[in-house]
Amino acid sequence: MTVIEASSGRHCHNAVSPLHVSMYFAPELEDELAALGLERGAMVYLAGRAAPLGAVDAGTVTAMFYNFNHEHVRRYIPAAWTVTTPEAVLTARLRGADRTLRRLLGKEALTSAEMAEAAELALRATEACRREARPLYAANADLPVPEEPHLALWHAATLLREHRGDGHLAALTVAGLSGIEALVLHNATGTAPTSALFMRTRGWSSRQWDTTRDQLCDRGLLGEAGDLTRAGTALRGETEALTDQLDAAPYDHLGPAATARLTELAGGFARALRAAGAFPAVHFGKG
């Protein structure tokens, strides 16, 4: 891919990904999984995202999720699998996604020709995704494609998100960044979730967060005020460029015109999600 094409792939990912991510900020997923007996909060998230892997242990989840405190993960995994099964979680997860999209987008959008077209394009893009060294993508890729277009698009968005995510973890490893270091640098952009949300959901203490920020300052990646330095910005840019390279296949397969069309369609749905309050502003920023 050229730099321009790689950027197009990233833009497409950014348009499609909210269709998957919206469920993590919605009450429907928690309600569905809590009905199975799982604790609301961390257990719901960890079990919901890890379920395609099967009844895995904490070490596997920490490795796959990268930026979670392992001690935090151990509090909930594998305990979640003594309460319910991964198969039950997957069924409930799909119900949660369905309810979330129905509430946020409405029936007209879900049954529109644009939804069906977006689902077809996104699924076509996933045809070029590779399983090698991409465990979260590979596990989700073994799940059946839902029949309803909005759920087929959600499924495809899940595949594309985890495919890019698995590659991104490889890029973070090349960059020499630990999980919490990656979070602190991401938060420093001002466009990521707040440090408070990251610490609560990933299980890091304020002391661990502050220590990591000081270490990144010592490395010249953050300034005293917690802003990215030129070196920090460059490192993040290199990491994103490598992630683009590792995630090029789906958009090469789709081609420039179809990639642009998927970006347009998914972007419209993503804007509708935001307008409906899917991503509360209180959860984003440096605070």
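The model is a predicted one. Its protein chain contains 18 helices and 0 strands. The radius of gyration is 19 Å, close to the 19 Å that the globule rule gives for 287 residues, and the chain is therefore as compact as a globular protein of that length. Along the principal axes, the C-alpha atoms fill a box of roughly 55 × 50 × 35 Å.

Of the 287 residues in the protein chain, 52% are buried. When contacts between residues at least 6 apart in sequence are considered, 76% of them join residues at least 24 apart. The accessible surface of the chain amounts to about 12,800 Å², and carbon and sulfur atoms account for 54% of that area.

The cysteines can be considered next. A search of the whole structure finds 0 disulfides. For Cys129, the closest cysteine sulfur is that of Cys12, at 11 Å, which is too far for a bond; a disulfide requires the two sulfur atoms to be within 2.5 Å. Cys129 is buried, with a relative accessibility of 9%. Cys217, by contrast, is partly exposed, its relative accessible area being 25%.

Among the helices, H4 deserves attention for its burial. This helix spans residues 42-50 and is mostly covered, with 9 of its 9 residues buried. The buried residues of H4 include Met43, Val44, Tyr45 and Leu46, and also Arg49. Ala42 and Ala50 are likewise among the buried residues of H4, as are Ala47 and Gly48. In general, an α-helix has 3.6 residues a turn, so residues three or four places apart point the same way. In H4, however, burial extends to 9 of 9 residues.

Tyr66 lies in the loop between helix H5 (58-65) and H6. The phi angle of Tyr66 is near 75°, a positive value in a residue other than glycine. Tyr66 is also buried, with a relative accessible area of 18%, because the cut-off for burial is under 20%. Further along, Pro78 is found in the loop between helix H6 (70-74) and helix H7 (80-83). The peptide bond from Ile77 to Pro78 is cis, and its omega is near 10°.

The loop between H7 and helix H8 (86-105) contains Thr84. Thr84 counts as buried, at 10% relative accessibility. Leaving aside residues up to four places away in sequence, Thr84 touches Leu36, Leu38 and Val89.

A positive phi is also found at Ala133, where the angle is about 60° although the residue is not a glycine. Ala133 lies in the loop between helix H10 (113-126) and helix H11 (135-141). Ala133 is exposed, with a relative accessible area of 73%, whereas Tyr66 is buried at 18%.

Notes:
Residues numbered from 1 in each chain as written. Predicted model: local features only at pLDDT ≥ 70, side-chain atom pairs only at ≥ 80, totals over all residues. Heavy atoms only, no water. Helix = DSSP H or I, 4+ residues; strand = E, 2+ residues; numbered from the N terminus. Rg over C-alpha atoms; globule rule 2.2 N^0.38 Å. Buried < 20%, exposed > 50% of the residue type's maximum accessible area, 1.4 Å probe, protein only. Contact = heavy atoms within 4.5 Å. Areas by Shrake-Rupley, 256 points an atom, 1.4 Å probe, with all protein chains shown as cover.
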